[in-house]
Amino acid sequence: MASNVETGGYQPDRYIARSWALLTSEKGWWKPVLICMAASFVPIVGPLAVLGYALEWSRRVAWGSTEGPSRHVKVGELIRSGWRGVVVAGGWTLASMVVSNILGNVPYMGELLDFVWSVFGILLGMVFMAAAVRATIYQDFKAGYRVKTLYQMTAEDPRGLLRVWLIQLAAYIVDFVASMAIIVPTIVSSLSWIVRLFEYVENYSSYYRYGVGDSYVLEIVAALIGRFGPAIVLAILVAIAVEVFSKLLMYAGLGLWMRRFDVDKWGKEEDPLPERAITAKAEASEAAAPVAPIEPEPVAPEPEAPEPIEPAEPAEQQVVADEPVADADDEPPVPGADEEPETPAEEEEEIAAVEPVAVALPAEPAPAASAADAQSPTETDTPSA
């Protein structure tokens, strides 16, 4: 369905299309969605599990996964993840409400400041969700309250967060249109019935004075439920379906946005963000792109190739000269650099071994000395005579 959408790596746009491609990447992708919809009807625990399911998927997407939501999960872990997300996002939301209340009570400018803060709250809401994802990545509440790190991430790419928020905006529009498409036709088709109902209530309003009107109230309520109940239930189902879809897509979008910050290089939760090589790689590729095609083209003309045909041997010498240069370039990163100094050391040992041989030569005058000694006995013999 969305096979032409690239879901790997980081991209600064197309969050809606890429999130949808991730959600629908596997067969039977609609089954986890239906399970999440059914779980939403379970009080307290169900919504926590659905939120934890979305957060855990966002965590895997942030790590670079291109798979859809996992189908092999543990409900207890999902509830814990959902509770962690509620504590983090809920804590930030309470702090935002306090600030909004303070700004709203400012004299003369309270309404304006409250309005500005509510508009700014769109971005803050996405930041609070990103804080919940970060706490899920570290499996720690404290990771979601690192103000400095959250500020660095938001300041780095606020537009990306607003692009993810467009998923929620689209969900609101779809929910509103679908609800109106269900409720408005029901109301229009029931106008005559509503008029008769008002007449009925007006005619029997006198019974309330005698305490016998309770049965008529129950009768009216039952009539309203019977008339509008199916449309209301259908609208609720549509709203829950849209909410589940938007929640999964939004948290998938936040996981895609998190890829910008190299999650695999993160350290402890209190550590600052690592150096991002994405911009450097982009700049390097842009700088190398114009140089690479330009340089080979002027070098490519090889009119000189026929000239060195006669000195074939020098051409081989050039190749041999290039090989040691390449080896010299490769030596610094490779530990082979330690092997080269061993050869001069062996030469020094050989030289040192030659020197004692040179010193052994003076041993030859020893027989000359013995000849002198041989003459000395004659001299010694003379005095003896």
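Q: At what angle do the axes of helix H1 and helix H7 cross?
A: This is a predicted model, where local features need pLDDT of at least 70, side-chain atom pairs count only at pLDDT 80 or more, and totals for chains, interfaces and linings use all residues. Residues are numbered from 1 along each chain as its sequence is written, and side-chain values use heavy atoms, without hydrogens and water. Helices are DSSP runs (H or I, at least four residues), numbered from the N terminus. H1 (residues 15-23) and H7 (residues 158-189) have axes, lines fitted to C-alpha atoms over the stretch in contact, with angles from 0 to 180 degrees between N-to-C directions, that come within 9 Å and cross at roughly 60 degrees.

Q: Is H1 parallel or oblique to H7?
A: Angles under 35 degrees count as roughly parallel, over 145 as roughly antiparallel, 65 to 115 as roughly perpendicular and the rest as oblique. The crossing is roughly 60 degrees. Therefore H1 is oblique to H7.

Q: Which residues of H1 meet H7?
A: Contact means heavy atoms within 4.5 Å. On the H7 side are Gly 160, Arg 163, Val 164, Leu 166 and Ile 167. Their partners in H1 are Tyr 15, Ile 16 and Ser 19.

Q: How far apart are the axes of H3 and H4?
A: H3 covers residues 45-62 and H4 residues 75-104. They pack at an angle of about 90 degrees, which makes H3 roughly perpendicular to H4. Their axes are 7 Å apart.

Q: Where is the kink in H5 centred?
A: H5 (residues 110-138) should span 42 Å at 1.5 Å a residue, and its end C-alpha atoms are 39 Å apart, which agrees. The bend is the angle between axes fitted to the seven residues ending at a residue and the seven starting there. The kink is about 40 degrees, centred on Ile 122.

Q: What is the average pLDDT of the protein chain?
A: pLDDT is the predictor's confidence in each residue, from 0 to 100. In the chain, 68% of the residues score at least 70. The average is 76.

How values were computed: Helices (H or I, at least four residues) and strands (E, at least two) are DSSP runs, numbered from the N terminus. The expected span of a helix is 1.5 Å times one less than its number of residues.
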